[in-house]
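Let's take a walk through this structure together. Have a look at the fold below, and then we will go through it step by step.

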Amino acid sequence: MELPARPAPPDTVRTVDETTVVTLYGEIDLVTAIPLVSGLDALTAGTHPDLVLDLRAVSFIDCAGLSVLCRTRNRVRARSGRLRLITDSARFLRILRAAGLADVFDVRPHLPELFAAAPSPGTRAPAAFEGATASGEVRPRAVAGR
């Protein structure tokens, strides 16, 4: 049984200067990984991508989710870009340490004030994000049983 999807926070994909800020929430697992990869691939397709993934509202991540983060990091680095993860979750940091990834990512506890500012007008999520709406909201599916 699926849990009802909760409303996405407004402006979950936005651009501030040349940096794309993506706010993810819910569960990043086998179910949500494939559409998430498609969306993140679209955001990292250009040269020198500058990407911030705000993970503070992520309630669960499994190995498929970690794989998405690693893939995104590798794509960004291959294009001489920059990736930052935003999380204040001790649980997520323990998972990164247990997986040997603690020193692989640039992890910060909060968004710099510049990125917390208002989004660029008309910024939209790539259509590849599951449930992407015209306002740029990203709605990963919630999965029961967690």
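For residues 130-146, how many contacts beyond four places in sequence does the model have? The model has 47 of them, with contact meaning heavy atoms within 4.5 Å, although pLDDT stays under 50 over residues 130-146. Here pLDDT is the predictor's confidence in each residue, from 0 to 100. Residues 120-124 also stay under 50, and for them the model has 10 such contacts. Over the chain, pLDDT averages 79, and 71% of the residues score at least 70.

A word on the ground rules: this is a predicted model, where local features need pLDDT of at least 70 and side-chain atom pairs count only at pLDDT 80 or more, while totals for chains, interfaces and linings use all residues. Residues are numbered from 1 along each chain as its sequence is written, and side-chain values use heavy atoms, leaving out hydrogens and water.

Now to the sheet. Five strands form an open sheet with mixed pairing, in the order S1-S2-S3-S4-S5. Strands (E, at least two residues) and helices (H or I, at least four) are DSSP runs, numbered from the N terminus, and two strands pair if DSSP finds at least two bridges between them. Strand S1 (13-16) and strand S5 (106-108) stand at the edges with a single partner strand each, so one side of each has no neighbour in the sheet. Strand S4 (residues 82-86) pairs with S5 in the parallel sense over 3 bridges; Ile86 has Arg108 in S5 as its bridge partner.

Finally, helix H1 (residues 30-43) packs on the sheet, touching strand S2 (19-28) and strand S3 (50-61). Helix H3 (residues 90-98) packs on the sheet too, touching S3, S4 and S5.

Technical notes. Axes fitted to C-alpha atoms, helices over the stretch in contact; angles between N-to-C directions.
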